Amino acid sequence: SAESLGVWFINNHLNISVDKISDAIFILHFSVLATVFSIISLPFQGLITSREKFLVRSVIEIASTLVKFILALLLIIYIGNKLRLYAIIMSIVMLVPSISFVVYCNLKYKEDVRFKINKSIDSYKEILNFSGWIILGTISQVGRGNGVAIIINLFFGTIVNAAFGIASQVYGYVMMFVHNLNQAAVPHIIKTQSAGDTEKSINIVYSFSKYVFFVMLLFSFPILMSIDTILTLWLIEVPELTKEFTILMIVNGLVGSVGSSLGVPVSATGDIRKSQVWYSIILLSILPVGYLLFKEGYPAYIITIVTIGSTFTNVIAQTLITAEKTVFKIKDYLIKSILPIIMVTFAVLP
């Protein structure tokens, strides 16, 4: 469906010049291929995380980055269609870690990685009940990210799309640290909760909520203070609104980092329907609100302001749901996590 709908949308609705349509379709094919391999590798990534083999993940990701750097050098000397080469490079960069995770697990955990037909219907029901809601949240996240880019393209064209894409890259690099820190927390929170020590599990959530924010602030602050210099050195010719998009996206990441570990205790209970439904509704609400604001003539960066509001709303919603489903206490969360975050933020702002 990604292939057929993607090709249809490119041919009929995407706001690009006619001579670039074939390039866009070419990029779509490789993006779908890389996505398929990423999905296949997810269970293997989960196995590595559950075993807390973070060194293995780090080595694979570092190797992937080196491959990306080497392949990117080809762009300098390549005289053909650099856009298509870039699509191939990015697909290879996504394929390398995915294949590495699969190979490592097959070599290291042969007793766990076995392909056989499970005849228990109850097992399928249990897995589908849980994964179905996870898929809903994932689809909403992907839909939000691509939907925002499509809406910007429809109203403002490819130049503003380029600015949004550059800002998204900066945001992705900063959020990588948040993601890796959370990966370290997830197994520990789930293990302690599964062992019946729910108080310790929730205390980890309180701690990580502020520590994740502090780590992201550590990397975000120099970028925010030197954004003009960084963009000029990196791009030379900086597309209009790149600075605004980048700053607002990083602020959105800081807001989201506060609640980045809130969903883990709920996931450990297995009752994730409510959290995923509200997460999806709040996330996707950005698209109609952004569309209506663009129709009223607001600037392109308004959609990132709407995204910040959506992220803040989601943190509140996830806080209430976590308090409802677990022994999580909002008062303790405010004192142990939010208060230190507010104090540090006000100390840094001047």
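Tyrosine 333 touches Tyr206, Ser209, Val258, Gly259, Leu262, Thr319, Phe328 and Ile338, leaving aside residues up to four places away in sequence; touching, or contact, here means heavy atoms within 4.5 Å. The model is a predicted one, so to speak a calculated picture: local features need pLDDT of at least 70, side-chain atom pairs count only at pLDDT 80 or more, and totals for chains, interfaces and linings use all residues. Residues are numbered from 1 along each chain as its sequence is written, and side-chain values use heavy atoms, with hydrogens and water left out.

Tyr333 also turns up in the largest nonpolar core, where, of 28 residues, Phe328 and Tyr333 touch the most other members. Such a core is a set of buried Ala, Val, Leu, Ile, Met, Phe, Trp, Tyr and Cys residues joined through side-chain atoms within 4.5 Å, buried being under 20% relative accessible area with a 1.4 Å probe, protein chains only. Helices H6 (158-194), H7 (198-225), H8 (227-235), H9 (242-257) and H14 (330-348) each supply at least two of its residues; helices are DSSP runs (H or I, at least four residues) numbered from the N terminus. A second, separate core has 17 residues, among them Ala167, Met249, Ile302 and Val306.

Then there is the pairing of H8 and H9, which pack at an angle of about 125° with their axes 11 Å apart. Axes are lines fitted to C-alpha atoms over the stretch in contact, and angles run from 0 to 180 degrees between N-to-C directions. Ile227, Asp228 and Leu231 of H8 meet Thr242, Lys243, Thr246 and Ile247 of H9.

How values were computed: Buried means under 20% relative accessible area, exposed over 50%, partly exposed in between (1.4 Å probe, protein chains only).
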